[in-house]
Protein chains: 2
Amino acid sequence: MKERLKKGGDRYHHGNLRDALVRAAEQQIARSGDIALPLRDVARLVGVSHAAAYRHFDSKQALLAEVAARGFEALTVALTAGAARGRGPAERLVEAAVGYVSFALEQPGAYRVMFHATLKPFTRFPRLAEASLAALEVLRALVREGLATKAFSGEADAAVMATWALVHGQALLVLDGQLSGPFGIDAAQGALAARTSMKRLLEGLRR
Amino acid sequence: MKERLKKGGDRYHHGNLRDALVRAAEQQIARSGDIALPLRDVARLVGVSHAAAYRHFDSKQALLAEVAARGFEALTVALTAGAARGRGPAERLVEAAVGYVSFALEQPGAYRVMFHATLKPFTRFPRLAEASLAALEVLRALVREGLATKAFSGEADAAVMATWALVHGQALLVLDGQLSGPFGIDAAQGALAARTSMKRLLEGLRR
DNA sequence: TTCAGATGTGACCATTGGAAACATGCCGGC
DNA sequence: GCCGGCATGTTTCCAATGGTCACATCTGAA
């Protein structure tokens with residue numbers, strides 16, 4: 001007998017606290033633009049005492065690791081969906097790049113946590129490590145596809161790195177507002193700018 | 001009568017506390033890889049009570065802003081020095097990119113602070129804003145030079161953004177150890193990888 | 001020499017992450 | 001049906017942190 005939350009409203013047991021905490025944390029970070037969120041605020045948002053969180057996570061870091069892991073899983077989906085929009089290896093890579101940056105701008109809280117240094121070494125969070133590699137693998141596959149069909153040339157690893165660096169950098173510069181002053185690029189135009197940049201890089205990868 | 005620190009060793013007045021705090025903070029962040037350094041630790045490193053820091057900085061953020069501002073100034077120097085190593089506009093831009101990533105890897109503490117979201121809006125730290133724009137201006141000038149001499153083509157802003165995104169992303173991925181597992185790239189090879197990536201992007205910018 | 005301003009100290013405060021002891025409610029075995 | 005164990009949540013507590021304040025110490029200029 002689950003799912004009878006409608007009635008009481010204030011129940012002693014939340015029912016789905018782990019999930020609720022992860023989502024609240026993500027939203028808080030998206031708002032503040034900073035990892036340093038008080039765990040107590042997250043708990044309060046969910047309507048629970050801060051100590052309750054420790055029934056579901058060993059530490060605040062573990063909660064953040066969960067946010068990050070889900071983020072990488074969503075990123076994998078976004079990359080795949082993006083690639084599916086493109087026709088031909090080159091266009092598929094470009095659209096995946098656009099999907100990447102769009103994801104970062106749509107879920108900034110998750111994206112910041114995903115690449116936050118304090119969550120390394122990944123070894124402490126196996127699910128996070130796995131999710132991270134899975135996302136990277138999508139990019140790798142797209143590059144391999146391009147190389148196999150002679151759409152690009154050169155070394156695979158180098159192409160993957162260049163692509164990843166470009167989209168990662170573009171996403172973070174937009175997220176941090178670094179491009180809003182000098183270039184007038186905010187979150188709305190970020191993905192568009194990424195397409196332009198990625199097309200240029202792709203020209204270089206072709207030969 | 002300054003500069004007589006040799007004698008007493010433990011003096012009530014430090015003599016150059018502001019500067020010492022900035023440098024200690026940078027080193028601590030470089031070690032931990034995280035902005036969240038206890039101000040007390042920094043003060044202890046310098047041999048001073050934590051409250052003393054507030055004689056020189058309004059807040060911990062203001063101290064970090066100073067670290068960041070100095071970082072951007074050093075980055076400007078690194079970019080200029082890098083560009084000077086290149087012959088011709090294209091090579092100059094590549095070498096500036098290498099200089100950029102090298103700087104980030106050599107001064108990781110400063111680099112992390114420089115792009116940390118909590119220091120925005122820049123408006124609160126005018127010196128930081130100015131230093132940041134000065135560094136960007138070096139990149140802009142290099143791109144303009146390339147366009148003027150027909151070494152590259154296309155729109156200037158787009159080329160600057162793509163370049164900046166590439167080096168920023170490459171620097172952060174290496175710093176965060178994201179490339180060490182999948183690609184075996186650590187700080188030592190980071191700049192080399194940046195050269196490879198930048199050359200590829202440049203091929204795309206040429207046409 | 002003196003004293004006013006600059007610089008450093010120790011005591012204090014509210015907030016934070018985390019641990020511990022206690023409270024509550026859900027579920028399966030009788 | 002009921003009852004006891006286990007998961008989940010609360011209250012209370014602690015040490016560390018950023019920050020403030022009153023007080024101590026030093027420095028240099030009048």
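This is a predicted model: local features need pLDDT of at least 70, side-chain atom pairs count only at pLDDT 80 or more; totals for chains, interfaces and linings use all residues.
1. Let's start with chain A. Read along its sequence, chain A follows the pattern α-α-α-α-α-α-α-α-α.

2. The C-alpha atoms of the chain fill a box of roughly 65 × 40 × 35 Å.

3. Now find two helices of chain A, α3 (residues 60-85) and α4 (residues 89-106). Their axes come within 7 Å and cross at roughly 145 degrees. The crossing of α3(A) and α4(A) is right-handed. On the α3(A) side, the residues making the contact include A:Gly71, A:Ala74, A:Leu75 and A:Ala78. On the α4(A) side, A:Ala96, A:Gly99, A:Tyr100 and A:Phe103 are among them. Sorted by class, this contact has nine nonpolar, three polar and four charged residues.

4. Side chains of opposite charge can pair when their charged atoms come close. In chain A, A:Asp41 forms a salt bridge with A:Arg44, and their closest N and O atoms are 3.0 Å apart. Where do A:Asp41 and A:Arg44 sit relative to each other in helix α2 (residues 39-46) of chain A? They are three residues apart in that helix, so about one helical turn separates them. Over all chains, a search of the whole structure finds 27 salt bridges.

5. Let's turn to the place where the two chains meet. Here 44 residues of chain B are in contact with 44 residues of chain A. The size of an interface is often given as the accessible area lost when the parts come together. Between chain B and chain A, the buried area is about 3600 Å², and carbon and sulfur atoms give 64% of it. Three residues, B:Met161, B:Phe183 and B:Arg200, supply 20% of the area that chain B buries against chain A, more than any other three residues.

6. How many salt bridges are there between chain B and chain A? The count is zero. The interface does have four residue pairs in polar contact, with both residues at pLDDT 80 or more.

7. Finally, which parts of chain B face chain A? The elements giving two or more residues to that side are α6 (126-148), α7 (156-175), α8 (180-183) and α9 (187-206) of chain B. Helix α7(B) provides the largest share, 13 residues. By class, the residues on the side of chain B that touches chain A divide into 22 nonpolar, 13 polar and nine charged.

Notes
Residues are numbered from 1 along each chain as its sequence is written. Chains are lettered from A and ligands numbered from 1 in the order in which they are written. Side-chain values use heavy atoms; hydrogens and water are left out. Contact means heavy atoms within 4.5 Å. Buried area is the accessible area (1.4 Å probe) that two parts lose on being put together, summed over both. A salt bridge is a side-chain nitrogen of Lys or Arg within 4 Å of a carboxyl oxygen of Asp or Glu. A polar contact is a pair of N or O atoms within 3.5 Å; within protein, one must be able to donate a hydrogen and the other to accept it, and residues adjacent in sequence count only if both atoms are side-chain atoms. Helices (H or I, at least four residues) and strands (E, at least two) are DSSP runs, numbered from the N terminus. Ala, Val, Leu, Ile, Met, Phe, Trp, Tyr, Cys and Pro count as nonpolar, Asp, Glu, Lys and Arg as charged, and the others, Gly among them, as polar. Axes are lines fitted to C-alpha atoms, for helices over the stretch in contact, and angles run from 0 to 180 degrees between N-to-C directions. A crossing is left-handed if the near helix is turned anticlockwise from the far one by less than a right angle, and right-handed if clockwise.
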